[in-house]
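These notebook entries record what I looked up in one structure. I begin with the chain as a whole and then turn to single elements and residues.

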Amino acid sequence: MEKKQAPIKPEEINLFHIQVNESVINAVSGKKKEQFAIKVGYALMHNLDLQRLKINLIVELKSESEEENAGAGISNARFNIEFHFQINNLKDFYTLNDNGAPVFNGLLIATLLGLSFSTARGIIYEKLGKTTMSGVILPVVSPQKMMATQGKKKDAT
């Protein structure tokens, strides 16, 4: 029997902790405006008893410029950021499969991914602002498309 989809109430979602686990920036100096390939991946972890979900977001940027590929150096960056959420009514957003593992509501996961990526955009913009990669802004992406990348890195666009 499929559970009726509960409405998502923003006041029931608490982003209570953000942790930057990795922030590696290799910005080649003296480069003019560069284009970057952006790859995004994520992993979802849970603690059902505490009604918590954690999204581990990985974002990679790599220069696409021909000049860099010719051996002058490649600007790149990698970020691994954890987002910890407390969901007051989490039990309304998952069912258990035949193995007893939770299967989470796609709309809830898309909502949390959107919040995580939006917050990561600001964190990454600030960190890149102190380098020659200053001004790189991550694009707005579809959380639904990101859901297809669970456990993998895919192009963000």
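**Entry 1. The chain as a whole.** I first looked up the contacts (heavy atoms within 4.5 Å). Residues 24 or more positions apart account for 74% of the contacts in the chain with a separation of 6 or more. I note that this is a predicted model, in which local features need pLDDT of at least 70 and side-chain atom pairs count only at pLDDT 80 or more, while totals for chains, interfaces and linings use all residues. Residues are numbered from 1 along each chain as its sequence is written, and side-chain values use heavy atoms, with hydrogens and water left out.

I then listed the secondary structure: three helices and seven strands. Helices (H or I, at least four residues) and strands (E, at least two) are DSSP runs, numbered from the N terminus. Along the sequence I read the pattern β-β-β-α-β-β-β-α-α-β.

For the surface, I found that the chain exposes about 9,100 Å², of which carbon and sulfur atoms supply 49%. Accessible areas come from the Shrake-Rupley method with a 1.4 Å probe, and for residues only the protein chains shown count as cover. Of the 157 residues in the chain, 37% are buried. Buried means under 20% relative accessible area, exposed over 50%, and partly exposed in between (1.4 Å probe, protein chains only).

**Entry 2. Strand S4.** I looked up S4, which spans residues 76-87. Ten of its twelve residues are buried, and the strand is thus mostly covered. I examined its pairing next; two strands pair if DSSP finds at least two bridges between them. Strand S1 (residues 13-26) runs antiparallel to S4 over twelve bridges, and Leu15 stands opposite Phe85 in S4. S3 also pairs with S4 in the antiparallel sense, over eleven bridges; here Ile55 stands opposite Phe83.

**Entry 3. The nonpolar core.** A nonpolar core is a set of buried Ala, Val, Leu, Ile, Met, Phe, Trp, Tyr and Cys residues joined through side-chain atoms within 4.5 Å. The largest one has 36 residues, and Leu53, Leu57, Leu61 and Ile124 touch the most other members. Strand S2 (36-47), strand S3 (52-63), S4 and helix H2 (106-128) each supply at least two residues of this core. H2 gives the most, with nine residues. In soluble globular proteins, nonpolar side chains tend to be buried together.

I followed Leu57 further. Leaving aside neighbours within four places in sequence, its contacts include Val40, Tyr42, Phe79, Ile81, Phe117 and Met146.

Entry 4. Is Gln86 buried or exposed? I record Gln86 as buried, because its relative accessibility is 17%. Its side chain makes a polar contact with the side chain of Arg52 at 3.0 Å. A polar contact is a pair of N or O atoms within 3.5 Å; within protein, one must be able to donate a hydrogen and the other to accept it, and residues adjacent in sequence count only if both atoms are side-chain atoms. Beyond four places in sequence, Gln86 is in contact with residues including Glu12, Phe16 and Gln51.

Asn89 lies in the loop between S4 and strand S5 (94-96). Asn89 counts as buried because its relative accessible area is 10%. Leaving aside neighbours within four places in sequence, Asn89 is in contact with Pro7, Glu12 and Gln51.

Gln51 itself lies in the loop between S2 and S3. With 22% relative accessibility, Gln51 is partly exposed. I note that phi of Gln51 is near 60 degrees, a positive value in a residue other than glycine. Most residues other than glycine have a negative phi.
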